[in-house]
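Hello,

Here is the structure for you to look over. My notes on it follow below.

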Amino acid sequence: MGDLKQHSLIKAQERLRDQVGHALRAALIAGELRPGSVYSAPGLAAELGVSATPVREAMLDLAREGLVEPVRNKGFRITEVSERDLDQYTELRTMIEVPTIGRITRTAEREQLEELRPIAEEIVSSAREHNLIGYLEADRRFHLSLLALAGNERLVETVGDLRKRSRLYGLTGLDEAGKLVSSAEEHLELLDLMLTGDAEAAEECMQRHLGHVRSLWAQGRDEPVGRPQGGLGSGL
């Protein structure tokens with residue numbers, strides 16, 4: 001029985017580490033953690049209401065993804081992404097996702113596409129309700145679930161990694177300016193086009209959507225970085 005208790009404890013610690021990592025990723029994308037700034041694990045742990053250990057473990061995971069870098073005796077610095085980086089990430093996503101959307105449009109079952117409609121609607125409702133964490137999570141689930149219909153797990157992993165590295169900046173400022181709802185509604189437009197079987201129009205919509213996302217990055221870098229109500233703790 002002792003071994004089983006230890007196994008359960010390890011699983012619980014792993015889940016907490018994953019939850020903290022998710023909250024930190026959401027904070028990075030939402031602009032709560034500023035590029036170039038250094039944050040200590042105890043300081044972040046206090047905001048999240050957890051111990052410093054799962055925060056350090058989660059930050060090391062983020063470091064392996066290139067999102068943060070350790071600073072000796074201080075904590076972790078949020079890595080800065082240049083305009084060139086963002087352009088290259090967008091180019092890669094366009095090369096991968098646009099033709100894949102066309103292929104999925106031609107091969108996916110109607111039921112498979114319709115199953116994604118609630119997620120697309122969740123993206124729009126989250127944008128309208130200024131729920132940034134919900135917006136980001138629903139957007140991630142929609143895009144990766146849609147690409148998964150191509151049946152290539154490595155493709156989904158690659159795009160997931162690109163999405164992490166090309167995080168949005170200043171999303172709070174963009175939300176306050178009312179610039180997220182139109183981008184959110186493009187997910188429903190894309191889904192409707194795919195359901196008609198018009199692969200070419202779906203590809204054009206996807207390319208336009210990625211262009212709009214890149215535009216949001218550019219605007220977000222010029223907006224003041226805010227902090228949504230609830231602080232980092234809202235991500236757990």
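Which residues are linked in a network of salt bridges? They are Glu122, Glu137, Arg140 and Arg141. A salt bridge here is a side-chain nitrogen of Lys or Arg within 4 Å of a carboxyl oxygen of Asp or Glu, and by this rule the count comes to 14.

Before the details, note that this is a predicted model, in which local features need pLDDT of at least 70, side-chain atom pairs count only at pLDDT 80 or more, and totals for chains, interfaces and linings use all residues. Residues are numbered from 1 along each chain as its sequence is written, and side-chain values use heavy atoms, leaving out hydrogens and water.

Helices are DSSP runs (H or I, at least four residues), numbered from the N terminus. Arg140 and Glu137 also form a salt bridge, at 2.6 Å from N to O; they are three residues apart in α7, about one helical turn.

Another salt bridge joins Glu97 and Arg93, at 2.5 Å from N to O. These two are four residues apart in helix α4. Glu97 is buried (under 20% relative accessible area, with a 1.4 Å probe and protein chains only; exposed is over 50%, partly exposed in between), at 1%. Arg93 is buried too, at 5%. By contrast, Glu122 is partly exposed at 29%, as is Arg141 at 26%.

Regards
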